[in-house]
Amino acid sequence: MAPVQTPARDLIVQVRDADGTTWLGIAGSTNFKLNPSENAEYEETTTRGSGGAYEEVPMQRGAMIEIEGRHISDSITGVQDAGQKRCEDLAAAVGYAGVGAIRFRHPLATVWKQWVSPGAVFELSEQGGGNNNMTSWGVKIRRSGVTTTAAVA
């Protein structure tokens, strides 16, 4: 197999529905960013015995996905895209009700990367637009716990 580059637009991101088993796509995405170092914390361990070299130890790892795009709703019913709505519901909830789950992968990947245990915390981005713009929509999703994997079915 020859190595190929992967278009960022092809990334598949899904949020788990409130039923705990159904995965929903998140429509309207125009930009995706994964920051694998978000919320990382380090402890400086430099001592006089370090010989003038800086030393540190990673104490906490984190990650965040940011999705930017357009607000999507059905042209007849006005019902918002189910994936976007689920993200909004999780972003509005507090306590453990506000912790959801996501999974993501590139189309050629054979495994999903998952944030499911305890999961992910959702925060909505600013929404709006000018006179000649479509309404923007976005969400920041921070990992809570570790990344796991699951085979693509």
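These notebook entries record what I looked up in a predicted model.

**Entry 1. Aromatic rings**

The partners are Phe 104 and Trp 115, arranged edge-to-face, with 5.5 Å from centre to centre and 85° between the planes. Phe 104 has a relative accessibility of 6% and counts as buried. Trp 115 is buried as well, with a relative accessible area of 1%.

**Entry 2. Charges over Trp 112**

I next looked at the ring of Trp 112. The charged end of Arg 103 sits over this ring, 4.1 Å from its centre. Arg 105 also lies over the face of Trp 112, and I noted 4.7 Å to the ring centre.

I located Asp 81 in the loop between β6 (64–70) and α1 (82–92). What stands opposite its charge? Asp 81 is buried yet has no salt bridge, and the nearest side chain of opposite charge, Lys 85, is 11 Å away. Asp 81 caps the N-terminal end of α1, with a side-chain oxygen 3.1 Å from the backbone nitrogen of Gly 83. Setting aside neighbours within four places in sequence, I listed Gly 25, Ile 26, Ala 27, Ile 72 and Ser 73 as the residues in contact with Asp 81.

**Entry 3. The buried side of α1**

I went on to the helix itself. Its buried residues are Gly 83, Gln 84, Arg 86, Cys 87, Glu 88 and Leu 90. Which elements cover them? The cover includes β1 (12–16), β2 (23–25), β6, β7, β8 and β9 (136–151). For the spacing of such residues I kept a general point in mind: an α-helix has 3.6 residues a turn, so residues three or four places apart point the same way.

**Entry 4. Glu 66**

I finished with Glu 66, which lies in strand β6. Is Glu 66 buried or exposed? Its relative accessibility is 15%, and the cut-off for buried is under 20%, so Glu 66 counts as buried. Leaving out residues up to four places away in sequence, I found that Glu 66 touches Asn 31, Phe 32, Lys 33, Ser 125, Val 139 and Lys 140. I also noted that Glu 66 and Leu 124 are 58 residues apart in sequence but 9.6 Å apart in space, C-alpha to C-alpha.

Methods:
Residues numbered from 1 in each chain as written. Predicted model: local features only at pLDDT ≥ 70, side-chain atom pairs only at ≥ 80, totals over all residues. Heavy atoms only, no water. Phe/Tyr/Trp six-rings, centres within 6.5 Å; stacked < 30°, edge-to-face > 60°. Buried < 20%, exposed > 50% of the residue type's maximum accessible area, 1.4 Å probe, protein only. Lys NZ or Arg CZ within 6 Å of the ring centre and 35° of its normal. Helix = DSSP H or I, 4+ residues; strand = E, 2+ residues; numbered from the N terminus. Lys, Arg positive; Asp, Glu negative; His and termini not counted. Salt bridge = Lys/Arg side-chain N within 4 Å of Asp/Glu carboxyl O. Contact = heavy atoms within 4.5 Å. Polar contact = N/O pair within 3.5 Å; in protein donor to acceptor, adjacent residues only side chain to side chain.
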